[in-house]
Amino acid sequence: MTQHFDLAIIGSGSGNSLVTPDFDDKRVAVIEGGTFGGTCLNVGCIPTKVFVYAADMARDVREAGRYGVDATLDGVRWADVRDRVFGRIDPISEGGRRWRADGPNTTALLGHARFTGDRTLTVDLADGGQQTLTADQVVVAAGAHPVVPEVVTESGVPFHTSDTIMRIDALPERLAILGGGFIAAEMAHVFASFGVHVTVVARSSTLLRHLDTDIAQRFTDLAREQWDVRTGATVARVEPGSGGAGVRLHLDSSAVVDADLLLVATGRRPSTADLGVEAGGLRLLDDGRIEVDEHGRTSAPGVWALGDVSAPYQLKHVANAEARTIAHNLVHPDDLRRLPLEHVPSGVFSHPQIATVGLTEAECIDQGRAHVTKVQAYGDTAYGWAMEDTTSVCKLVADPTTGLLLGAHLMGPQATTLIQPLVQGMAFGTPVRDLARGQYWIHPALAEVVENALLGLELDAPA
Ligand SMILES: Cc1cc2nc3c(=O)[nH]c(=O)nc-3n(C[C@H](O)[C@H](O)[C@H](O)COP(=O)(O)OP(=O)(O)OC[C@H]3O[C@@H](n4cnc5c(N)ncnc54)[C@H](O)[C@@H]3O)c2cc1C
Ligand SMILES: NC(=O)c1ccc[n+]([C@@H]2O[C@H](COP(=O)([O-])OP(=O)(O)OC[C@H]3O[C@@H](n4cnc5c(N)ncnc54)[C@H](O)[C@@H]3O)[C@@H](O)[C@H]2O)c1
């Protein structure tokens with residue numbers, strides 16, 4: 001029997017937060033084909049950062065001798081770290097599922113949904129049944145999933161993605177990571193800090209090539225000191241390791257990489273393949289995302305999309321912000337808000353940590369924009385001395401005429417926290433002069449790196 005809902009949501013990640021009090025008197029279906037709570041909670045931001053924190057701790061112990069504090073790392077109890085992570089997350093996921101299943105106005109449908117007509121969905125339920133439903137409004141919040149190159153899938157050799165690597169039973173001796181982006185950088189840090197020999201195989205000439213060129217190059221140089229980094233490398237063939245255990249990657253350079261485990265981190269594709277987008281009247285962009293307008297409306301009337309399935313950034317804070325906007329738009333058709341896609345920052349929780357917002361120097365050059373830059377070393381501030389830092393930087397890009405920041409790119413301890421006043425300055429249009437001089441910066445906090453970078457920008461009207 002077809003059920004009718006006021007709102008049907010595909011995906012329980014950021015989609016789950018659409019059920020605001022505005023829907024208290026409405027019927028809402030939340031449909032989830034995987035683990036309730038989505039990527040960030042179960043296999044993404046949250047578990048990775050718990051591992052990263054433990055990895056940072058292990059590194060700090062190893063490096064304590066630099067500061068005259070002798071310490072040795074006695075060991076890493078992988079199973080304890082893993083169980084601490086999932087012992088916390090799994091109950092949250094299950095609680096979220098129950099909350100929706102038992103909610104007064106919500107129904108949780110566990111299964112894969114696809115459009116079979118205008119605002120009509122058929123759900124292949126996990127328990128074997130099938131449910132068809134219609135809804136006045138549908139939100140597609142189906143996220144993205146890992147892409148695995150054919151050279152790996154066709155080899156038949158077992159591999160991990162970020163969906164599985166965090167639940168392994170024991171640390172391997174050697175881990176090969178294919179890809180040079182966010183996940184590769186974070187996982188290489190985690191496993192190497194825990195004592196695993198990590199090899200990163202990346203196609204591009206630097207890791208994290210989406211970053212400012214200076215930062216990407218500096219990061220890659222530091223990565224080479226920690227991990228076996230093969231840049232400009234393509235995997236030509238994958239086969240089992242000797243004796244059938246592990247994996248052997250043959251690179252196009254004819255070099256080989258032997259490892260006990262393979263982690264594939266070669267990007268994530270919007271989950272639209274089995275979504276029945278044609279039947280639902282949804283148009284896709286060339287890169288596979290669902291096309292949405294500035295308010296989050298798809299090409300199908302009454303159907304909205306948010307997060308990784310449609311957004312230009314695969315970031316949780318973007319998915320959340322879009323969910324807040326669409327939660328408003330669903331109930332205020334005459335007062336639509338725009339998706340907030342300006343000044344989007346991101347962080348890479350690797351070693352070193354990286355944070356970035358706005359334009360890179362190269363983008364300014366490409367766009368022919370007048371700009372000035374300042375690279376401020378952490379090591380030239382008092383707290384940087386305390387840290388014996390020789391590699392960390394805050395690089396700013398600004399418009400010399402307007403005196404506004406165009407971009408900020410930090411690499412080093414606490415980069416993801418230090419960048420926040422700069423994100424705020426850009427979001428509120430605060431001139432560099434006011435950011436630098438219009439407020440106190442605590443002395444001798446690490447934030448003086450940011451203060452000095454602002455003061456060092458050579459603007460037409462100096463700070
Ligand atoms: C390892 C890793 C680390 C990350 N770390 C960070 C970080 O530190 N900071 C950050 O900002 N971002 C991070 N991200 C990205 C972040 O997790 C995503 O941007 C965010 O979770 C996307 O949210 P979403 O709601 O769009 O999709 P998801 O949370 O992926 O939710 C989509 C849900 O829809 C379900 N679904 C899909 N298709 C269907 C269907 N047809 N029927 C029913 N259900 C369906 C899926 O099972 C899934 O549960 C990380 C990602 C990964 C993989
Ligand atoms: N801290 C964070 O915010 C965080 C952490 C993890 C993931 N994420 C999000 O998840 C997304 C996915 O992460 P990711 O690291 O998988 O993707 P990514 O886009 O960051 O990096 C993908 C890497 O794989 C390489 N690659 C692509 N196809 C390849 C192929 N066929 N063979 C070899 N290399 C190939 C690319 O050159 C790139 O280096 C990120 O883009 C990011 O938006 C965010």
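This is a predicted model: local features need pLDDT of at least 70, side-chain atom pairs count only at pLDDT 80 or more; totals for chains, interfaces and linings use all residues.
View 1. Residues are numbered from 1 along each chain as its sequence is written, and chains are lettered from A and ligands numbered from 1 in the order in which they are written. Local features need pLDDT of at least 70 and side-chain atom pairs count only at pLDDT 80 or more, whereas totals for chains, interfaces and linings use all residues.

**View 2. The shell around ligand 2.** Ligand 2 is surrounded by 22 residues, of which Gly179, Gly180, Gly181, Ile183 and Gln314 are the closest; a residue is near a molecule if its C-beta atom, placed from the backbone, lies within 6 Å of it. The elements giving two or more residues to this shell are α5 (182–193) and β16 (346–348), and the largest share, four residues, comes from α5. By class, the shell holds 10 nonpolar, nine polar and three charged residues, with Ala, Val, Leu, Ile, Met, Phe, Trp, Tyr, Cys and Pro counted as nonpolar, Asp, Glu, Lys and Arg as charged, and the others, Gly among them, as polar.

**View 3. Domain 2 against domain 3.** An automatic or database assignment divides the chain into domain 1 (3–145 + 269–331), domain 2 (150–266) and domain 3 (352–455). The C-alpha centres of domain 2 and domain 3 lie 31 Å apart, and their contact (C-beta atoms, placed from the backbone, within 7 Å) takes nine residues from domain 2 and 12 residues from domain 3.

**View 4. Ile177 in the largest nonpolar core.** Within this core of 80 residues, Ile177 and Val200 touch the most other members; a nonpolar core joins buried Ala, Val, Leu, Ile, Met, Phe, Trp, Tyr and Cys residues through C-beta atoms within 7 Å, and buried means 20 or more other C-beta atoms within 10 Å of a residue's own. Helix α5 gives the most to the core, with nine residues.

**View 5. Trp385 in helix α10.** Trp385 is found in α10 (residues 382–386) and counts as exposed because it has 12 C-beta neighbours inside 10 Å, the limit for exposed being 12 or fewer.

How values were computed
Two residues are in contact if their C-beta atoms, placed from the backbone, lie within 7 Å.
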